[in-house]
Amino acid sequence: MASTEPIILGLEGTAHTAGVAVIQGPQIHANESATYFPPQGGIHPREAATYLTKQFPILLKKIFQKLQFKPDKIDGIAFSQGPGLGPCLRTTATVARAISLKLNKPLLGVNHCIAHVELGRTITPANDPLVLYVSGGNTQLITFLNGRYRVLGETLDIAIGNALDSLGREMNLPHPGGPHIEKRAQQGKNLLLLPYTIKGMSFSFSGMVTAAKKLIANHSTSDICYSFQEYTFAILAEATERALSCTKKGSVLLTGGVAANVHLQNIIKLVAKEQESLFYVVPRNLAGDNGVMIAFAGTHLLKTGEIIPIQKSQVKPRWRTDQVQVGWIS
Amino acid sequence: MKLIQAEKIAKGAEAVIFKGTFLQSPIAIKHRLPKSYRHPDIDNRIRLHRLRSEAKVMTNARKIGVSVPSLFGVDIEDHILIIESLEGKLLFEEMNSLPIDKLDPIFVNLGHQIGLLHSNDIIHGDLTVFNVLIQLEDKLSIIDFGLGKISNELEAKADDLLTFYSTLKAIQPASNILFNTFLEGYLSVYPEGKNTYEQMKKIQSRARYIAREDRLE
Ligand SMILES: Nc1ncnc2c1ncn2[C@@H]1O[C@H](COP(=O)(O)OP(=O)(O)O)[C@@H](O)[C@H]1O
Ligand SMILES: [Mg+2]
């Protein structure tokens with residue numbers, strides 16, 4: 001370990017994924033995660049929290065077995081303090097506090113959305129990008145302006161990942177529906193009519209899900225998947241182009257679970273080209289929620305001295321992206 | 001002699017703008033180009049729809065005395081609008097250079113203009129500081145009506161306010177003061193706008209609440 005970078009343990013647990021990782025600078029020493037898939041319907045916060053409670057000890061054990069060094073070499077414990085589901089956040093915070101006390105290492109409270117951005121800034125060449133963050137629980141256009149990450153546009157109702165999953169469920173595709181919709185869409189041939197609405201740089205998807213569900217009785221699953229992706233991704237693309245044209249950022253970073261969708265990647269790549277900008281996407285295995293991103297963001301907090309005392313480490317279920325003090329970018 | 005002489009001057013989010021002269025008056029030619037990233041059927045539908053909306057909404061806005069460039073011509077086939085070319089900088093650029101007390105009268109006037117639009121059931125659809133041109137001091141014009149429509153729906157008017165508020169907040173730390181100034185102007189010509197503002201806050205808190213729990217169901 002020649003690196004002088006601090007070693008950070010990252011704990012992710014805002015919704016249905018428990019993630020644990022140990023990193024040092026851009027290097028990933030160990031990374032484990034487990035995701036809860038409800039037997040049917042959406043996520044129930046309590047059930048997800050119970051799942052996380054069971055998973056964290058298992059994942060931590062695996063992580064510590066993999067490390068080439070003793071846990072006391074770790075310099076900081078980063079955890080997802082928010083936003084997310086209250087019960088899940090509380091579980092994660094409890095685990096983080098326990099490790100922090102046991103190892104006597106500082107606690108670092110990370111904003112989950114910003115962690116997705118910092119992941120991209122650490123492992124892709126993107127430095128000051130316009131970020132399209134697409135996941136099951138969030139859909140936002142984020143960029144750094146005036147000392148903070150600002151949300152230029154976002155969903156006014158459900159997130160794109162949630163929209164895909166909920167349509168998938170209605171078509172009896174296995175959960176989570178997103179990847180199955182992506183696959184089925186490749187066989188789609190006919191573009192069916194769906195609403196297209198954009199409000200400045202913001203958008204909403206629940207009306208589109210409702211409209212798509214009405215097509216199920218009379219159209220093939222692949223045509224519905226194809227059309228739904230074409231419309232929703234076109235809206236995301238347009239919002240991205242608007243934001244890019246306003247901010248003149250010069251690069252776009254695609255991040256979050258839905259960033260694994262290759263069709264969306266290709267579309268956003270074209271958007272970047274329209275605005276003469278560079279395109280970056282996070283690697284597939286780190287697109288979804290994970291401990292690595294929390295640890296990367298935690299590294300910045302440790303370096304800027306933003307350590308939180310245990311008694312001030314309560315979770316922040318509604319913590320907004322633009323509420324975070326960003327001391328590590330000038 | 002060429003009837004129209006034009007050169008490309010700006011690239012917006014959607015369109016390319018050429019400036020030129022037509023019979024000695026300065027014109028702007030707004031051309032909505034096809035986008036490679038969306039299905040051609042969606043693309044054609046949207047571009048046509050927006051061209052038509054923009055022409056209609058601009059015309060209506062001008063009729064009721066809102067400060068917008070005048071419309072000279074529409075070419076449906078080529079997706080082109082020919083409009084009066086205006087001097088001036090975008091409000092966004094002015095915000096980076098002007099002190100806040102110089103911005104005050106601009107925001108009051110903008111509030112007046114939008115109040116006038118809304119009291120006549122005209123929705124802008126993309127109300128941001130990137131779609132307002134500042135001419136002299138507080139004289140301004142509103143542009144880019146492609147997402148506009150005629151509607152008396154409270155929700156649509158509230159969306160205008162929310163779009164304006166959100167982009168303002170994203171780019172300007174003193175956004176609350178400026179937004180309140182805008183709101184004063186808005187309410188002074190459109191007292192019923194109280195309800196629009198209340199509705200805007202509702203949409204906002206709905207989005208926030210959903211951000212927390214319901215987005216994950
Ligand atoms: N009437 C006009 N006079 C002068 N400049 C204009 C006019 N209309 C548009 N522009 C310039 O072109 C840019 C893009 O125009 P806009 O109508 O906002 O299209 P877009 O939909 O691409 O944003 C504006 O930001 C402005 O700089
Ligand atoms: Mg514009």
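Predicted model: local features only at pLDDT ≥ 70, side-chain atom pairs only at ≥ 80, totals over all residues.
- At B:Leu86, a polar backbone atom lies 2.9 Å from a nitrogen atom of ligand 1.
- Ligand 1 would expose 540 Å² if taken alone, and the protein buries 90% of that area.

**The magnesium site**

- The magnesium ion, which is ligand 2, is coordinated at 2.2 Å by OD1 of B:Asn131 and by OD of B:Asp144.
- B:Asn131 belongs to the loop between strand 7 (122-123) and strand 8 (132-134) of chain B, while B:Asp144 belongs to the loop between strand 9 (140-142) and strand 10 (149-150), so the pair ties together parts that are 13 residues apart in sequence.
- Both B:Asn131 and B:Asp144 are buried.
- For B:Asp144 the relative accessibility is 18%, which falls under the 20% limit, and therefore this residue counts as buried.
- The side chains of B:Asp144 and B:Asn131 also make a polar contact with each other, at 3.3 Å.

**Cis peptide bonds in chain A**

- Most peptide bonds are trans.
- The bond that joins A:Gly82 and A:Pro83 is cis, with omega at about -10 degrees.
- A:Pro83 is located in the loop between strand 4 (76-82) and helix 2 (86-103) of chain A.
- A cis peptide bond also leads from A:His175 to A:Pro176, where omega is near -5 degrees.
- A:Pro176 is located in the loop between helix 4 (160-170) and helix 5 (177-185) of chain A.

**Residues with positive phi**

- Most residues other than glycine have a negative phi.
- A:Lys248, a residue other than glycine, has a positive phi near 50 degrees.
- The loop that holds A:Lys248 runs between helix 7 (221-247) and strand 11 (251-255) of chain A.
- A:Lys248 has a relative accessible area of 62%, over the 50% limit, and so it is exposed.
- In chain B, B:Asp121 has a positive phi of about 60 degrees, although B:Asp121 is not a glycine.
- B:Asp121 sits in the loop between helix 3 (100-119) and strand 7 of chain B.
- With a relative accessible area of 25%, between the limits of 20% and 50%, B:Asp121 is partly exposed.

**Further residues of chain B**

- B:Thr181 is part of helix 5 (residues 175-189) of chain B.
- The relative accessible area of B:Thr181 is 7%, and this residue is therefore buried.
- From B:Thr181, the side chain reaches the backbone oxygen of B:Ile177 at 2.8 Å.
- B:Phe72 is placed in strand 4 (residues 71-75) of chain B.
- B:Phe72 has a relative accessibility of 46% and so counts as partly exposed.
- Between B:Phe72 and B:Ile122 there are 50 residues of sequence separation and a C-alpha to C-alpha distance of 20 Å.

**A buried loop residue of chain A**

- A:Val282 is placed in the loop between strand 12 (278-281) and helix 9 (291-303) of chain A.
- Its relative accessibility is 2%, so A:Val282 counts as buried.
- A:Val282 and A:Ala259 are 23 residues apart in sequence, and their C-alpha atoms are 7.3 Å apart in space.

Methods
Residues numbered from 1 in each chain as written. Chains lettered and ligands numbered in written order. Heavy atoms only, no water. Donors = N, O, S within 2.8 Å, 3.2 Å for Na, K, Ca; no water. Helix = DSSP H or I, 4+ residues; strand = E, 2+ residues; numbered from the N terminus. Buried < 20%, exposed > 50% of the residue type's maximum accessible area, 1.4 Å probe, protein only. Polar contact = N/O pair within 3.5 Å; in protein donor to acceptor, adjacent residues only side chain to side chain. Areas by Shrake-Rupley, 256 points an atom, 1.4 Å probe, with all protein chains shown as cover.
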